[in-house]
Amino acid sequence: MLAALTALSLLAGQGASEEAQEETVVQVDRERVDASGSDGDGDGIDGEGADASGTGEEEKSSGAGRVWIRHVVTPRERLSQIAARYGVKRDDLVEWNKLDSKRAKLRTGTRLRVLARKTPPPRQEITYVVEDGDTWSSIAIKHRVDYHDLLGVNWPRPKSLEPGLELTVWIDPGRPQTVNLRNGPSPPALPEGLDGALSRGKPARGRLTNGIQLPESDLYDRGHERWLWGSSHTLRNLLQGLGEFRYSSGYEGSIVIGSISRRRGGRFPPHRSHQSGRDVDIRLPLLPGLPTTVAPNADEIDWAASWELVRALVETQEVEVIFLEGPLQRRLYQAALWEGVIAEDLKPIIAWPNRQGNEKALVRHSRGHDGHIHVRFRCGPEEPRCRPRRRRMEPVHIGEPPQVPERAGVAPAEVAALRSADAG
Ligand SMILES: [Zn+2]
């Protein structure tokens with residue numbers, strides 16, 4: 001973990017090595033706390049955190065490996081973002097700092113007390129000199145920052161991006177990298193006993209014959225088992241997609257499978273569909289270190305892992321549609337670009353930012369799908385009574401997953417091709 005953070009800090013350029021050092025110091029101190037009183041590096045801490053922005057200055061220690069730190073708010077940081085950064089709940093931040101939960105608009109420079117579970121290196125302000133061919137989105141992607149945040153800190157927006165123009169960028173060397181650093185375990189063979197379950201009718205008016213329950217697996221965690229009955233075709237493709245996801249992304253966090261269908265299908269309130277064993281709710285992966293929350297918000301979701309999950313499911317070629325609320329599609333889209341996918345390849349996958357494209361893309365808006373994606377698999381070849389909602393599309397291919405050594409870099413060669421991502 002520390003090695004990874006250090007590597008990231010190095011990539012981030014100027015000032016990175018001091019930050020890496022500070023991270024080390026914090027870690028050392030935490031170990032000292034855990035060992036309750038064995039000596040450690042003494043008083044190094046107080047002097048270290050003197051410099052300000054976004055720094056997790058150590059204040060005092062608490063039990064269970066958690067430390068009280070002070071976080072200095074950097075431009076456009078949100079409460080839930082800060083909470084996720086330190087692996088704590090937004091509500092706790094509100095309480096510790098006696099904030100007004102409803103109007104929690106943070107001012108840059110505000111100091112917050114945080115009982116942190118982890119202490120990533122702080123965000124850093126850098127100056128970027130615009131080069132020929134840059135666009136707002138290519139600059140955002142190059143630095144792995146949010147497009148709207150980049151615009152926000154450079155407000156009022158310059159008329160054009162002339163080469164030589166200087167822009168402010170708040171980079172985040174502490175952004176956790178949970179995918180594409182290494183491969184995970186090879187996909188397991190499909191388990192026995194997945195045959196014979198047939199989807200009938202439509203997702204919102206249908207049944208399941210000989211339903212099969214989603215088996216236990218190392219690939220995922222299961223929600224309530226009474227609600228995890230699916231068709232053979234659905235379960236096979238779900239397992240295959242998740243196996244491929246674990247392997248290709250190396251993601252190690254939890255993936256929770258919520259509802260599929262009831263044993264015989266049919267009405268399944270509060271869902272409108274989920275009636276024919278083809279609809280699967282998958283909770284979006286959380287950023288590492290966060291306590292398990294029922295309904296994560298957008299800042300608590302690991303969008304890079306979410307993208308890799310969507311990619312693996314889509315590549316089974318058996319996904320009919322994925323529902324995700326519109327505003328969250330932007331996060332998914334951005335994460336895909338950060339992971340090296342080119343914008344052109346995303347058109348058939350994610351409806352955002354094409355306002356008319358909703359009916360053509362696989363990932364589409366549907367209200368209520370925020371903390372989870374709803375994945376609908378196609379009718380299988382052995383299911384004559386299964387009713388698809390629409391015709392089969394051309395197979396979708398997202399291109400090769402990026403090579404591991406290259407992905408350490410911050411600037412994919414094809415950033416010039418990202419103009420179509422400019423949708424602000
Ligand atoms: Zn659903």
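Against which strands and helices do the buried residues of H6 pack? I opened my notebook with that one.

**Ground rules.** I am working with a predicted model, where local features need pLDDT of at least 70, side-chain atom pairs count only at pLDDT 80 or more, and totals for chains, interfaces and linings use all residues. I number residues from 1 along each chain as its sequence is written.

**Helix H6.** I found the buried residues of H6 packing against strands S4 (124-129) and S5 (166-171), and against helices H7 (147-153) and H10 (326-338). Helices here are DSSP runs of H or I with at least four residues, strands are E runs of at least two, and both are numbered from the N terminus. I looked up burial next: 8 of the 8 residues in H6 (136-143) are buried, among them Trp136, Lys142 and His143. Buried means 20 or more other C-beta atoms within 10 Å of the residue's own, with C-beta atoms placed from the backbone.

**Core.** I then turned to the largest nonpolar core, which has 79 residues. Such a core is a set of buried Ala, Val, Leu, Ile, Met, Phe, Trp, Tyr and Cys residues joined through C-beta atoms within 7 Å. Helix H9 (303-314) gives its largest share, 9 residues. Val310 and Ala336 are among the residues with the most contacts inside the core. Leaving out residues up to four places away in sequence, I see Ala336 touching Trp307, Val341 and Leu346; contact means C-beta atoms, placed from the backbone, within 7 Å.

**Confidence.** I checked pLDDT, the predictor's confidence in each residue from 0 to 100. The chain mean is 80, and 75% of residues reach 70 or more. Over residues 1-57 the pLDDT is below 50.

Notes
A residue is buried if 20 or more other C-beta atoms lie within 10 Å of its own, exposed if 12 or fewer, and partly exposed in between; C-beta atoms are placed from the backbone. Two residues are in contact if their C-beta atoms, placed from the backbone, lie within 7 Å.
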